[in-house]
Amino acid sequence: MTDTIITSTPKTGASKGSASMSDQSKSRRSLWRAAVVLIIAACCYEAAARSGYFAPALMPKLSLVAQTFVAMLLDGTMIEHSVFTLYRVMFGFLLAVLVGLPIGILMARFAAVEGFFLPLVSALMPIPSFALVPLFMLWFGIGNLTTILIVFYAATFPMMFNTWSGVRSVNPLWLRAAGAMGADENALFWKVIIPGASPFIITGLRQAFLRAWIAVVGAEMIAASDWGLGWVIFDAKEFLNTDVMLAALVVIGGIGFVFEKMVFGSLEKATIQRWGMSRVAKG
Amino acid sequence: MVPIAIDNVTLEYDTPAGKVTGVKDVSFDIGASEFVCIVGPSGCGKSTLLNVIAGFLAPAAGEIRIDGKTVTGHGMDRGVVFQDFAQLFPWRTALGNVSFGLEMKGIAKAERDRIAREQLRLVKLEKFVDSFPHHLSGGMQQRVAIARALAYNPSVLLMDEPFAALDAMTRDDMQLLLADVWRATRKTVIYVTHNVAEAIYLADRVIVMSAHPGTVQADIRIDLPRPRDPLSVEFVECQKQLMRHLGHKVSGNGAGH
């Protein structure tokens, strides 16, 4: 009878190996597919730009956009704009995590905290952060403070909400098992609840960053002066510099992509995907 | 390893329709190192009783004493194995899962790993110490759960239908393995099941419970020599006897009950 156990074991090992192989080829294929789609989109744009239907000043050719992009990169302005924007987004995002994560946990564990914050979340979350920019500008002036606070506003609620759902979804069996093994409140929290809620917490981080990134560009358009990717776009409008606008858009998209795929993607791979806790919904 | 006394335990559930008695005046003693199976139809409160012994639920009346001490909550003198495979922590490897209790005891890392490896060897999973639960089959996950419950060396092992969700062949292997583990460790085991053959294969004693409300109906000693042969005449006879207590009609021996 023990033989059946042993013969059954290499099978599991083999299927594990083939699963990771197909995962790898799958991700390479999706990368190719993304590249092809982007190239097709760029070709369509280029065709429209060259058709003469729009004024070249309004719809510059990609070569001009690329030229402007490289020039702004080389003279350092694009990097400086990006640094300003990244500083604001990271500051606001980290603040949102520092506030949203603990409140989300407390909401899930104490009914009183939940009773206080849940209506607040429901009421404030649907307000687009962009709609608050004029008000915040009057309160906090133009510059970093307003933009950071807008980012903070945009990112806090998804962080809070997802953490709250995550802690509530922790399997009670894990808590029972851990309790039976002598875990105290402290150990339960750090070694069971936090890892158990991690799929939701990571989703929260992801959504929070995405909203923060959208918010920072919007806020910079109105409430920033001299620096920031959003400000570049808004400023370029005054001089009809569509090439500058498009170059800035490329940077905005690029940085967003890097965070989404590289930072949060690898965080997911190293944790919940490795643990088999992410229900991958894509085919 | 230690004796257990279950003394007039009654348990009530709160339901929308009012209080329902799940277990009523249940009393029996379990000797040190004894392997006791509790069998009964679903709804007889056998799992509930196990949860009371584990300290997850408090009885409405009566008490449970382990080695003379009254149970008031869960404690490290008891290890618990559940039916659900999801009881393992998915974010920990097999080794990490098994060392959890030792970690809670404050045992140093090197020592923890050594003991956990030893426990995994006992359940024949030494090759899978670094695997995460989702890479293991159901039977393997339950073996990790058994190793985890044994690792911090509790004197009592409580098992709630641990093999019920496994296929029949894997279940046979697991029963054999558990019998070996029990022989090696000599823990006091309380094992809940609805599978009569499983109970006879494993137990020194079988407690038969009846439902609505759950009470002890029979207390049967199984004296078959170990290792037991499920196809022997004595085994089958034992099975018939137990079935009769459970109210089943058994062919050749007239109506049961």
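**Notebook: core, interface, helices and sheets**

I began with the largest nonpolar core, which holds 142 residues; A:Val151, A:Ala155, A:Ala212, B:Val36, B:Tyr191 and B:Ala203 touch the most other members. I note at the outset that the model is predicted.

**Entry on B:Val36.** I listed the contacts of B:Val36, leaving aside neighbours within four places in sequence. B:Val36 is in contact with B:Ile30, B:Val189, B:Ile190, B:Tyr191, B:Ala203, B:Asp204, B:Arg205 and B:Ile207. Two of these partners, B:Tyr191 and B:Ala203, are also named among the core residues that touch the most other members.

I then looked up the pairing of β3 (residues 35-39). Strand β3 of chain B runs parallel to β9 (residues 205-210) of chain B, with 4 bridges between them. Within this pair I found B:Ile38 opposite B:Ile207.

**Entry on the open sheet of chain B.** I traced an open sheet of 4 strands in the order β2-β1-β4-β5, with antiparallel pairing. The edges are β2 (18-30) and β5 (69-70); each has a single partner strand, so one side of each is left without a neighbour in the sheet. I checked the partner of β5(B): it is β4 (residues 61-66), joined to β5(B) by 2 bridges in the antiparallel sense. In that pair B:Ile66 stands opposite B:Lys69.

**Entry on the contact of chains A and B.** I recorded 25 residues from chain A and 29 residues from chain B in the contact. On the chain A side, the elements giving two or more residues are α1 (2-50), α7 (172-180) and α8 (185-196).

**Entry on the domains of chain A.** I noted a division of chain A into domain 1 (23-54) and domain 2 (55-275). Their C-alpha centres lie 27 Å apart. I found 7 residues of domain 1 in contact with 6 residues of domain 2. The side of domain 1 that touches domain 2 has 5 nonpolar residues, no polar ones and 2 charged ones.

**Entry on helix α11 of chain A.** I examined α11 (residues 242-273) and found a kink of about 30°, centred on A:Gly265. The buried residues of α11(A) include A:Thr242, A:Asp243, A:Val244, A:Leu246, A:Glu268 and A:Ile272. I looked up what the buried residues of α11(A) pack against, and found α2 (62-74), α3 (77-109), α9 (198-223) and α10 (229-238) of chain A.

**Entry on A:Ile201.** I turned to A:Ile201, which lies in helix α9 of chain A. Is A:Ile201 buried or exposed? A:Ile201 counts as buried because it has 25 C-beta neighbours inside 10 Å, and the cut-off for a buried residue is 20 or more. Leaving aside neighbours within four places in sequence, I found A:Ile201 in contact with A:Asn162, A:Thr163 and A:Gly166. A:Ile201 and A:Gly166 are 35 residues apart in sequence, yet 6.5 Å apart in space, C-alpha to C-alpha.

Technical notes
Residues are numbered from 1 along each chain as its sequence is written. Chains are lettered from A and ligands numbered from 1 in the order in which they are written. This is a predicted model: local features need pLDDT of at least 70, side-chain atom pairs count only at pLDDT 80 or more; totals for chains, interfaces and linings use all residues. A nonpolar core is a set of buried Ala, Val, Leu, Ile, Met, Phe, Trp, Tyr and Cys residues joined through C-beta atoms within 7 Å. A residue is buried if 20 or more other C-beta atoms lie within 10 Å of its own, exposed if 12 or fewer, and partly exposed in between; C-beta atoms are placed from the backbone. Two residues are in contact if their C-beta atoms, placed from the backbone, lie within 7 Å. The bend at a residue is the angle between axes fitted to the seven residues ending there and the seven starting there. Domain bounds come from an automatic or database domain assignment. Ala, Val, Leu, Ile, Met, Phe, Trp, Tyr, Cys and Pro count as nonpolar, Asp, Glu, Lys and Arg as charged, and the others, Gly among them, as polar. Two strands pair if DSSP finds at least two bridges between them.
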